[in-house]
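Biologist: I have not looked at this one before. Can you walk me through part of it?

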Amino acid sequence: MASDSPRRTASPSASSNNTLHSSPAARLQSIANHMAPTTITSFPPEVVPQAPEDPLFGLMRAYKADPSPNKVDLGIGAYRDDNAKPWVLPVVKKADEILRNDPEANHEYLPIAGLAALLGRAADLLLGPSSPAIAEKRVTSVQTISGTGAVHLGALFLARFYQIQGVNRTVYLSNPTWANHHQIFTNVGLPIATYPYFSKETRGLDFEGMKASLSAAPDGSIILLHACAHNPTGVDPTPEQWRDIAALMKAKKHFPFFDTAYQGFASGDLDRDAFALRLFAEEGFELVIAQSFAKNFGLYGERAGCFHYVASPSPTSAETTTRVASQLAILQRSEISNPPIYGARIASIVLNDPALFAEWQDNLRTMSGRIQDMRAKLRAGLEALGTPGRWNHITDQIGMFSFTGLSEAQVLKLRSDYHIYMTKNGRISMAGLNSKNVDYVASAVDKVVREVQ
């Protein structure tokens, strides 16, 4: 018999009741669903893909993780002594002691342009203390975050102000060049191109290819040049070749952008390593220079450097320099506001004290001399073993780096079988060699060259 009572239907409270009476796992899952963060983002993978690890720092990480007692680091561009240890320059230790005992030292902001006592001496170092450009007030300088910051500030300045109608804004980089050059100029919106530089056949300078490319470049192009100890090849033009390059660039009205990270570190002679800079300044070029004190002072982590603008001689050059300085200050203010002080003070103390400056030059000769000695020993070791190929380029090249000519397959074989780390293009840091490992490296290279073509 049917009931006269109305049918009962499930209510929200009943549903809740069901949840309350469900299993603990189900209740936890329900709570988790309510608490789960939203998956919506403004930066999905198609917009912000995962970037690859920087190859050089990835190489450093792999080296540090390698437990082999025979491992050799030929990748990082930092000086090491004969015990494979970082070397604090003795003169830097003295400057540090002076600074620590200076009752006037403090941690206040530097001016936007940086430490005045450093800037003038830094320009003298590059152009010479008797430089007409300095005497005629055609130089303005800004302290930067080492050489990288100097290149960036220069790139930003050119992107903003190198806008002569009809003049090409492309930046020509040597092939190859320091990898970061590509990213720095691209990031500020300047187009880049390359000019031939390294000859794989001779493992020296492709001078004819370089000249042909600079001649073919549109008038007024920006040409980035390494002042000395070219990174990564270790190949520099001779003084006569530099004169030819300057004449060609003057005829084409090209704009020189010099990057100098190894003055004094390359040859051990500050004046010799500044030859190209002083030549172009004497030839009346308007130019810019990025200067680093990381390598030649061993101030890697202190990020001490300078950016310099040099006006060409004219009745209005001093006024032009003043205007450029004003705009550089604005760019600096928006980028870093004030540069760091410690490394700048160390460099300034040394550059402004004749006795310390002389000691610094001696420290530079120690570093460059040890590297030259390692070049000679590596070449001698390879030639004594009869390693296939010619190895004169090891001693013909200069500075911290050498382009060995080893293939990527050979490089990877050296890493996997012998725990020797270098960049895939075969560039080695000569500072990673020492009297304890150079024979081991020569022997390993000999075996790999014979086994892997």
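Modeller: What follows covers a strand and then a residue in a helix. This is a predicted model, where local features need pLDDT of at least 70, side-chain atom pairs count only at pLDDT 80 or more, and totals for chains, interfaces and linings use all residues. Residues are numbered from 1 along each chain as its sequence is written, and side-chain values use heavy atoms, with hydrogens and water left out.

Biologist: How many residues of strand 9 are buried?

Modeller: Six of the six, residues 287-292. Buried means under 20% relative accessible area, with a 1.4 Å probe and protein chains only. Strands are DSSP runs of E, at least two residues, and helices are runs of H or I, at least four, numbered from the N terminus.

Biologist: Which residues sit on each side of strand 9?

Modeller: Leu287, Ile289 and Gln291 are on one side, and Val288, Ala290 and Ser292 are on the other. In a regular strand the side chains alternate between the two faces of the sheet.

Biologist: What does strand 9 pair with, and is it parallel or antiparallel?

Modeller: Strand 8 (residues 255-260) pairs with strand 9 in the parallel sense over four bridges. Strand 10 (residues 304-310) pairs with strand 9 in the antiparallel sense over six bridges. Pairing needs at least two DSSP bridges between two strands.

Biologist: And what is opposite Val288 in strand 10?

Modeller: Tyr309. Val288 is also the bridge partner of Phe257.

Biologist: New topic. Why does Leu153 count as buried?

Modeller: Because its relative accessibility is 3%. Leu153 lies in helix 7 (residues 146-161).

Biologist: What is Leu153 in contact with, beyond four places in sequence?

Modeller: Val142, Thr144, Phe307, Leu328, Leu331 and Gln332. Contact means heavy atoms within 4.5 Å.

Notes: Buried means under 20% relative accessible area, exposed over 50%, partly exposed in between (1.4 Å probe, protein chains only).
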